[in-house]
Amino acid sequence: MQEVLVLMSERCAYQRLIWAGEEIAQSEGRPLKVIGVKPRRALRENPGAELEKLFVAARSAGAEMTVYYNDDPATVAVEHIRCHGAKRMVADVPSTIRESETIGRIRSECPDLAIDFVDDRGVLSGYPTMLELAKTACAHAW
C-alpha cells in the first residue's frame, strides 16, 4: 500500500509533522512512515535522547521510523520514496536555501508525489504535484 511519508528536517518540531502525517494517513487509510536524514557528523554526537523522543512520537502515531545518516537528504528521500512507494509527503516549510533545494530535487525527481507543508503553527498547506501543475497549465493554455 502506498504510504504517507513524514520527512524530518534538522530543525523541525517533529510532533507537529508527525501529527499532520498521522491525520492524513488515517483519512486516506494509508500507512505512515517517518524518516529523518541527519548529516554524517551527527554520528559523532550523541543524539540518543533526541532520537528516542522522535521514535516514541512516531510509534505513538503508529508509524515506522527510519533514520539515515547522509549529507545529501534529497537523494536519501528520493530513494526512500521510490523504494517504498510514497505518494504523499509531509514536510516542514523550508526556511533555508538548502531545505528549499532539497524539496525542489524531491519534487523534480518524484513528480507524482503530493507534498504537504506544515508551518510553525501546525497549519497544513497542500502543494500540487508536478503532474497536476502541468495539467492546469495545459488547461489554461487552451
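1. Asp 71 counts as partly exposed because its relative accessibility is 39%. The scale runs as follows: buried is under 20% relative accessible area, exposed is over 50%, and partly exposed is in between (1.4 Å probe, protein chains only). The model is predicted, so local features need pLDDT of at least 70, side-chain atom pairs count only at pLDDT 80 or more, and totals for chains, interfaces and linings use all residues. Residues are numbered from 1 along each chain as its sequence is written, and side-chain values use heavy atoms, with hydrogens and water left out.

2. Asp 71 sits in the loop between β3 (64–69) and α3 (73–84). Helices (H or I, at least four residues) and strands (E, at least two) are DSSP runs, numbered from the N terminus.

3. What does Asp 71 touch, leaving aside residues up to four places away in sequence? Pro 39, Arg 40 and Arg 98. Contact here means heavy atoms within 4.5 Å. A polar atom of the Asp 71 side chain lies 2.9 Å from the backbone nitrogen of Arg 40. Arg 41 is 30 residues from Asp 71 along the chain, with 8.6 Å between their C-alpha atoms.

4. Now helix α4. Its buried residues include Glu 99, Thr 102, Ile 103, Ile 106 and Arg 107. They lie on the same side of α4 because they cover an arc of only 130 degrees around the axis, taken from the directions from the helix axis to the C-beta atoms. Ile 97 and Glu 101, on the other side, are exposed.

5. Thr 102 belongs to α4. Its relative accessibility is 11%, so Thr 102 counts as buried. Beyond residues up to four places away in sequence, Thr 102 touches Pro 73 and Ala 74.

Notes. A polar contact is a pair of N or O atoms within 3.5 Å; within protein, one must be able to donate a hydrogen and the other to accept it, and residues adjacent in sequence count only if both atoms are side-chain atoms.
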